Amino acid sequence: MDKDLLKKWSAFNPVIINFGRGVRVDLKRELIGRQGIIVTSPRGKKQLKNDPVLGKIFVNNKQWLWIDDIQSNPEIVTLEKSILKFNNFTPEVVLAFGGGSVIDSAKVIAISMASKIYDIKKLLLDPDATNKRTIPLYAIPTTSGTGSETTPFATVWDHKDHRKYSLAGPAVYPYSAFVDSELTDGLPDLITVSTGLDAINQAAESIWNKNMTTLTEATAGRALKLGLTALHSLIKDPKDNNSRDDMAEASLLAGMAISQTRTSLCHSISYPLTTHFGIPHGLACAFTMPAVLRLNLSADDGRFIRLACLLNDNPKSTQYDLIKKFDALNKELCVSSHIKNFVGNIDQLLDLSIEMQTPGRSDNNLVSVDDSDIRNILKSSWG
């Protein structure tokens with residue numbers, strides 16, 4: 001890569017970000033007296049109603065309507081049914097309370113209602129819908145993973161046809177994000193690990209990315225440093241609130257980084273793993289991370305050495321030290337073993353290699369890849 005390219009860059013992220021333990025008390029002031037739609041999951045609804053800060057706003061409040069059946073990897077057909085329930089209602093705001101799937105669903109719902117386009121596949125093909133002003137979306141993440149609260153992307157799925165779709169554009173950005181790590185206290189171990197891996201992978205993919213800038217390198221580097229340490233600590237002690245705080249910041253910063261660079265090859269490979277085998281997104285992304293890192297080291301323009309020095313707090317660190325860091329992460333979390341619990345054999349993965357080059361994702365990778373490269377990555381990751 002031409003090093004001069006890093007000296008020319010632009011950035012845009014309009015989300016009003018509020019970060020810190022307990023910060024949702026400030027959201028309460030903005031929502032009182034307003035009407036809107038709450039988008040959440042069954043688990044999120046229970047958490048929100050019982051929340052000592054926000055709960056009293058919504059319990060028995062007829063000004064707020066609920067879409068409370070959001071599941072992981074939101075299905076297009078299910079979202080359309082939810083939207084049509086309220087097609088005669090125009091909310092002042094949309095509130096997303098949950099993880100990445102909930103926030104992505106809320107983005108689609110807000111744009112669908114604002115544009116009056118209730119066919120989501122039609123919405124995906126309409127650039128005007130994602131460029132015009134939409135209903136203000138307040139995003140309150142309850143996991144630390146996708147960083148969706150700061151990105152202009154939303155992912156929806158057609159599980160019948162094993163396809164993943166993306167909605168993207170300036171209007172997809174939330175209006176405001178309230179990232180309160182207190183809401184992640186008590187997350188189940190599997191969700192902590194899978195969402196944490198997603199945040200770490202997004203930060204890494206912003207580094208080995210053709211669209212990296214000095215801004216995204218700094219943001220992603222801090223996200224990785226925080227996230228790698230915090231996730232390791234949370235595996236040992238899930239009640240470590242300081243590490244919950246750091247993981248929430250890592251997720252936020254990784255989201256800000258990919259809002260500029262987009263994700264890359266690991267995400268591209270992960271989509272068929274999720275659609276065909278139901279592998280949780282973070283695990284699916286982390287599966288190939290060490291192998292993709294090795295591939296990209298051949299194009300090192302200094303970024304990997306800088307990252308190694310940052311992560312190891314050692315100015316003499318090398319590419320090998322960076323490889324050790326990512327290998328150790330996947331080994332500690334038994335990522336390959338988890339994948340094998342979902343997939344019968346390596347041939348099932350290799351048969352999907354042609355589906356793993358997603359335009360707008362795989363072509364962001366620092367090194368250009370073809371089908372043979374992907375097959376080699378899969379074999380190396382399988383182990």
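**The strand β4 and its sheet**

In strand β4, Val93, Leu95 and Phe97 point one way while Val94, Ala96 and Gly98 point the other, and all are buried (under 20% relative accessible area with a 1.4 Å probe, protein chains only; over 50% is exposed and in between is partly exposed). In a regular strand, side chains alternate between the two faces of the sheet. Because six of the six residues of β4 (residues 93-98) are buried, the strand is largely enclosed by the rest of the structure. This is a predicted model, in which local features need pLDDT of at least 70 and side-chain atom pairs count only at pLDDT 80 or more, whereas totals for chains, interfaces and linings use all residues. Residues are numbered from 1 along each chain as its sequence is written, and side-chain values use heavy atoms, with hydrogens and water left out.

Here strands (E, at least two residues) and helices (H or I, at least four) are DSSP runs numbered from the N terminus, and two strands pair if DSSP finds at least two bridges between them. On one side, β4 runs parallel to β2 (residues 36-40), joined by five bridges, with Ile37 opposite Val94. Strand β5 (residues 137-141) also pairs with β4 in the parallel sense, over five bridges, and Tyr138 is the bridge partner of Leu95.

These strands belong to an open, parallel-paired sheet of six, in the order β1-β8-β5-β4-β2-β3. Its edge strands, β1 (16-19) and β3 (64-67), each pair on one side only.

Helix α5 (residues 100-115) lies across β2, β3, β4 and β5, at about 165° to β4. Contact means heavy atoms within 4.5 Å; axes are lines fitted to C-alpha atoms, for helices over the stretch in contact, and angles run from 0 to 180 degrees between N-to-C directions.
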